[in-house]
Amino acid sequence: ELDDPQWKTFMDQFTWDELTALVTSGSFSTAAVESVDKPRTVDPDGPNQVKNGVLADGTSVVGWGWVGAPVIASTWNAELAYEQGIAVGNEALWMNVNGWYGPAMNIHRSPFSGRNFEYYSEDPFFSGKLGAAVVIGARSRGVYCQVKHFAVNEQETHRSISGDSSWLTEQSMREIYLRPFEIAVKEGGTRAVMTSFNRIGTRWTGGDYRLLTEILRNEWGFEGVVICDFNTIPAYMNSRQMAYAGGDLNLATQPVSWCDESSAADVTVLRDNIKNIFYAVVNSNAMNGEVIGYKMPIWQIFLIVIDCVIVVGVAVWGFFVIRKALKAKDDEAQAE
C-alpha cells in the first residue's frame, strides 16, 4: 500500500536523473528505470480503441475499434460494459499494452459537443456505473485505466487554447460533473486518472489542488497516478503547478523539467509523484514478466532442463535395452 514505510527505502535507490526523467516524460508511456528493473510501459490512447501496441515479434498493431460510448450506454447493460473491459484487457495483453487512456466519462452537456461519441450520456450516475464496469474488466487483465477527462471537460471548441473556463457551482460540479469519476474511483477501483485542458473558474484542472488532492485523493481515497492531458501549451499547463496540486505525470513529447534538486519541497513532491506512478505500474500487467508463473526464476528453468535431459536419457536407454532384448530373442529363435 502507499502508506507502507518500505516505500522510503525503495525511493532512496533512485538517482536524480531517473526521478526527473520519469515524471517529465509521460507521452503514451512511462519511462524505464533500470536500477530497479522497472520496464517501460506502453499506454496508448482510447477510449473507443486500444490505438497502438507492439507484439512480441516487434510488429506494430492497432486494436479493434469499438462502437461509440453512447451506443454502449444505449444497452443499459453494465455487464456488457464489463465484458468490453475484459476484451480491452485481453487485447492489451496481446499487444503488450499496460495502461489505456480511457474510458472517457464526461457529461453530454450539449448535443453539439465534439466528443459526445466518447462519452456515455448526460446522466452522471449512469455514466459512472458503465465506466466503472469497463475499468473493473480491464483491471482484471492488469490494465490501469486513465479515466478522463477530469473534470468538467464538456466542450471541444477552444479547449486547448490556454484552457477554456468552466463556471459552475460546487453543488452542480459534485452532483453532475464529478459523479462519474467518483464512481470510477470508489467502485471501479481505477489506479489512474487523466486531467483535462480546461479551467474550473480560472484554475487549470491539472494544477488544481482542490480537485486533485482535496477531492480525488483525500475525499474519495484514490491511490494511483494522475496524468495531465496532452501538454502542448506548457505556458498554462504548468508542470510545477501540476506536481504540487497532486498530479504526477506530464503527457508531453518535449518534457520540461520543473524540479530543483536543492529544494527540499521539490524533492518531497517529486518523490510522491514517483511513488504514485510506481504504485500504478507495479499493480499492472507490466510486471507479468517478473513474477513466478510468467517469467520463471533461473533455478526453476534449470530444474526443468535437467528433468528433460533425464527423461530423454531414460527414453534413449530404454530404446537400446528393448532393442537388445529383441535382438537376443531373434538370435535365440534362429539358433533353435
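**View 1. Glu182 and Arg179 sit together in helix 7, three residues apart, or about one turn of the helix.** This is a predicted model, where local features need pLDDT of at least 70, side-chain atom pairs count only at pLDDT 80 or more, and totals for chains, interfaces and linings use all residues. Residues are numbered from 1 along each chain as its sequence is written, and side-chain values use heavy atoms, with hydrogens and water left out. Helices (H or I, at least four residues) and strands (E, at least two) are DSSP runs, numbered from the N terminus. An α-helix has 3.6 residues a turn, so residues three or four places apart point the same way. The side chains of Glu182 and Arg179 meet in a salt bridge, 3.5 Å from N to O. (A salt bridge is a side-chain nitrogen of Lys or Arg within 4 Å of a carboxyl oxygen of Asp or Glu.) Glu182 is buried at 15% relative accessibility, while Arg179 is partly exposed at 29%. Here buried means under 20% relative accessible area, exposed over 50%, and partly exposed in between (1.4 Å probe, protein chains only).

**View 2. Ala184 is another residue to look at in helix 7 (residues 179-186).** Its relative accessible area is 0%, so Ala184 counts as buried. Skip the neighbours within four places in sequence, and Ala184 still touches Met105, Ala132, Val147, Gly189 and Thr190; contact means heavy atoms within 4.5 Å. Val134 is 50 residues away from Ala184 in sequence, yet their C-alpha atoms are 9.2 Å apart in space.

**View 3. Glu219 and Arg174 form a salt bridge, with the closest N and O atoms 3.0 Å apart.** This pair links distant parts of the chain: Glu219 is in helix 8 and Arg174 in helix 6 (residues 170-177), 45 residues apart. Both ends are partly exposed, Glu219 at 43% and Arg174 at 27%. Back in helix 8 (residues 209-219), the buried residues include Leu211, Leu212 and Ile215. After helix 8 comes Gly221, with a positive phi near 80°.

**View 4. Lys8, Asp12 and Arg271 are linked in a network of salt bridges.** Between Asp12 and Lys8, the closest N and O atoms are 3.4 Å apart. Lys8 is exposed at 53% relative accessibility, and Asp12 is partly exposed at 45%. A search of the whole structure turns up 14 salt bridges.

**View 5. Four strands make an open sheet in the order 5-6-8-11, with parallel pairing.** Strand 5 (99-100) and strand 11 (225-227) are the edges, each pairing on one side only. Two strands count as paired if DSSP finds at least two bridges between them. Strand 5 and strand 6 (residues 144-150) pair over two bridges, and Trp100 has Cys145 in strand 6 as its bridge partner.

**View 6. Val33 lies in the loop between strand 1 (29-30) and strand 2 (41-42).** With a relative accessible area of 3%, Val33 is buried. Beyond its neighbours within four places in sequence, Val33 has contacts that include Phe14, Leu22 and Phe278.

**View 7. Residues 290-294 have a pLDDT below 50.** (pLDDT is the predictor's confidence in each residue, from 0 to 100.) Where pLDDT is low, the predicted coordinates should not be read in detail. For the protein chain, the average pLDDT is 90, and 97% of the residues score at least 70.
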